[in-house]
Every structure is written in structure tokens, then in C-alpha cells.
Amino acid sequence: MLLLLLGIIVLHVTVLVLLFVSTIVSQWLVNGEHTADLWQNCTSGSIFHCLTSSTNGESGWLLPIAFILL
């Protein structure tokens, strides 16, 4: 029984680590010169400029997600 519990805990920790890493690395929206993901929105025209998602007026959903990931 202890071995089964240990296996389930290891599986959950592995899934959480993989989800966290894929969230950091991935860019969800890529459209020409504009990329966006969970943490920042970037524009790469003549000047490369990034804004964090919390400055776009949508910080109501970002803080709970950051809390859950921690």
C-alpha cells in the first residue's frame, strides 16, 4: 500500500513539474511580429518590446494562476 501511495505522489509531482516547465517555455499565440504567452506579450517590429500580462489590465486571472503554480 505504501508503494502505491509513493507511486501516486511521484506521478503527481512529475506532472506538476512538466506542466510548469511547459507553461514557462511555450508561446501560446504567435502572429507575425506578435507573440503572447501566460506571462508576457511581445512585439518584435523595429523595436523588440515586451509587456507583462499583468500590465494589460487582465491581472485578475494571472495572480491566482501564479499562486497555484507555486
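Select helix α1, residues 2–25: eight residues of the nonpolar patch, the largest share, come from this helix. Helices here are DSSP runs of H or I with at least four residues, strands are E runs with at least two, and both are numbered from the N terminus.

Before going on, note that this is a predicted model: local features need pLDDT of at least 70, side-chain atom pairs count only at pLDDT 80 or more, and totals for chains, interfaces and linings use all residues. Residues are numbered from 1 along each chain as its sequence is written, and side-chain values use heavy atoms, leaving out hydrogens and water.

**Stop 1: the patch**

Now select Leu2, Leu5, Ile9, Val13, Val17, Phe20, Val21, Ile24 and Leu69. Together they make a nonpolar surface patch of about 780 Å². Patch residues have over 30% relative accessible area and no salt bridge; nonpolar side chains (Val, Leu, Ile, Met, Phe, Trp, Tyr) are joined within 5 Å, and like charges within 9 Å. A salt bridge puts a side-chain nitrogen of Lys or Arg within 4 Å of a carboxyl oxygen of Asp or Glu.

Zoom in on Val13. This residue sits in helix α1. Buried means under 20%, exposed means over 50%, and partly exposed lies in between (1.4 Å probe, protein chains only).

**Stop 2: the whole chain**

Zoom out and colour by secondary structure. How many helices and strands are in the chain? The chain has two helices and four strands. Follow them from the N terminus: the order is α-β-β-β-β-α.

Show the surface next. The accessible surface of the chain is about 5700 Å², and 75% of that belongs to carbon and sulfur atoms. Areas come from the Shrake-Rupley method with a 1.4 Å probe; for residues, only the protein chains shown count as cover. Of the 70 residues in the chain, 13% are buried.

Turn to contacts, meaning heavy atoms within 4.5 Å. Among contacts in the chain with a separation of 6 or more, 10% join residues 24 or more positions apart.

**Stop 3: the strands**

Select β2 (residues 34–36) and β3 (residues 40–44). These strands pair in the antiparallel sense, over three bridges. Two strands pair if DSSP finds at least two bridges between them.

Pick Ala36, in strand β2. Which residue of β3 is the bridge partner of Ala36? The partner is Asn41. Ala36 counts as buried, at 8% relative accessibility.

β3 and β4 pair in the antiparallel sense over five bridges. A hairpin of three residues joins β3 to β4. Click Thr43 to find its bridge partner in β4, His49.

Start with Gln40, in strand β3. Gln40 is partly exposed, with 34% relative accessible area. Gln40 and Thr52 lie 12 residues apart in sequence and 4.1 Å apart in space. Next, go from Ala36 to Thr52. This pair is 16 residues apart in sequence and 9.6 Å apart in space.

**Stop 4: the disulfide**

Show the cysteine side chains. A search of the whole structure finds one disulfide, defined as a pair of cysteine sulfur atoms within 2.5 Å. Cys42 and Cys50 form this bond, with their sulfur atoms 2.1 Å apart. Why is the disulfide of Cys42 and Cys50 called right-handed? The torsion about the S-S bond is about 105°, so the disulfide is right-handed.

Finish with each partner. Cys42 counts as buried at 6% relative accessibility, whereas Cys50 is partly exposed at 30%.
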